[in-house]
Amino acid sequence: MDSGAIHPDVEETCAAIESMEIRGAASIADAVARALRTQAVERDADAPAAFRETMYEAARRLEATRPTAVSLPNALRSVLSEMRGESVGELRESVVAGVDDFRSRLESARGDLGRVGANRLADGDTVMTHCHSTDAMACIEAAVDRGADLSAVVKETRPLKQGHITATALADLGVDVTLVVDSAARQFLDDVDHVLVGADSVAADGSVVNKIGTSGLAVNARDRDVPLVVAAQTIKLHPGTLRGETVPIERRDESEVVDAETRAELGDVDVANPAFDVTPPRYVDAVVTEHGQFPPQGVVGLMRDLFGEDVEAVWRE
Ligand code: RUB
């Protein structure tokens, strides 16, 4: 065990989140919880106050990796609010217990959410997906487990093509998959029964922040009378929006959109790469959580029940 600041393994987790080797709101939450555990177990301190500070420093570094998925600060809060004790040993033990508890709740929430979402999916249905969401996948997995024979139209999801992950995972489940470029989505909507997406953050007014392209898909889906279902564990609910905060939209590097050669050929143009967008609640038919299915207007009540006033971020300076 070592004393000092942020443990190298925690830095490694940060780098993996920043490079999107670890990606998706739930996986990010799980990774930061594991990183807090490492920090607690591997870092020593000569006094409880110093131990708390080393945990907060790690939390600040982890929080800075990606700004949009509220599951990240929600995971930090969930673990660090359980940090208590009179000695370094007690504090360490409480963090380890907090992480283990958080991770097992994350896992069971995914299963519970999946079973709720699966109730929407009937045998023979076709689902359209965007990006790769483990929560959306949980719904399809649970439906397949129940014997539903499903088809999927999977949007590629530019620029990083996370749709490919979804396509392979669905094909492995035995779902009949058609992969399409994002701009083809509208053409396929007439053959689709549900649009099913995940979320990085859900605001108090029921707005859904998810991978760029979700909002355009939502508008097209409404035009074609296809319901938009958002699969989002409650760690995706953004408590700050109860107090009027807005969700920051991450803008990523232009190199994800154009390679160096293309960039040079383009000349004097700006390349923008917003990673997420906001779908207004009027386009959302249902938010599926581990506590059941809610209309977007029901999110605020759920948020108040779950978070109340307890939204302190103790690790922030
Ligand atoms: C991922 C994305 C996913 C949500 C939900 O974006 O938008 O739909 O994070 O995922 P990125 P999950 O690839 O930029 O991280 O349901 O797995 O939490």
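Helices, of at least four residues, and strands, of at least two, are DSSP runs numbered from the N terminus. The model described with these numbers is a predicted one.

**Loop between strand 4 and helix 7**

By that numbering, P159 is placed in the loop that lies between strand 4 (151-155) and helix 7 (163-172). The peptide bond leading from R158 to P159 is cis, and its omega is near 5°. T157 is also placed in the loop between strand 4 and helix 7. Its phi is near 75°, which is a positive value in a residue other than glycine. For context, most peptide bonds are trans, and most residues other than glycine have a negative phi.

**Ligand site**

Which residues come nearest to the ligand? There are 18 residues around the ligand, and those that come nearest are R23, S133, T134, N210 and K211. By class, this shell is made up of 6 nonpolar, 6 polar and 6 charged residues. Helix 2 (25-42), helix 6 (134-145) and strand 8 (208-211) each contribute at least two residues to the shell.

| Residue | Protein atom | Distance to a ligand oxygen atom |
|---|---|---|
| A26 | backbone N or O | 2.7 Å |
| D135 | backbone N or O | 3.0 Å |
| D200 | polar side-chain atom | 2.9 Å |

Taken alone, the ligand exposes 460 Å², and the protein buries 100% of that area.

**Packing of helix 2**

The axes of helix 2 and helix 3 (residues 48-63) come within 10 Å and cross at roughly 150°. Angles over 145 degrees count as roughly antiparallel, so helix 2 is roughly antiparallel to helix 3. The crossing of these two helices, helix 2 and helix 3, is right-handed.

How does helix 2 pass helix 5: in a left-handed or a right-handed crossing? The axes of helix 2 and helix 5 (residues 88-118) come within 9 Å and cross at roughly 160°. Helix 2 and helix 5 are therefore roughly antiparallel to each other as well. The crossing in which helix 2 passes helix 5 is left-handed.

Definitions and conventions: Residues numbered from 1 in each chain as written. Predicted model: local features only at pLDDT ≥ 70, side-chain atom pairs only at ≥ 80, totals over all residues. Heavy atoms only, no water. Near = heavy atom within 4 Å. Polar contact = N/O pair within 3.5 Å; in protein donor to acceptor, adjacent residues only side chain to side chain. Areas by Shrake-Rupley, 256 points an atom, 1.4 Å probe, with all protein chains shown as cover. Nonpolar A, V, L, I, M, F, W, Y, C, P; charged D, E, K, R; others polar. Axes fitted to C-alpha atoms, helices over the stretch in contact; angles between N-to-C directions. Parallel < 35°, antiparallel > 145°, perpendicular 65-115°, else oblique. Left-handed = near helix turned anticlockwise from the far one by under 90°.
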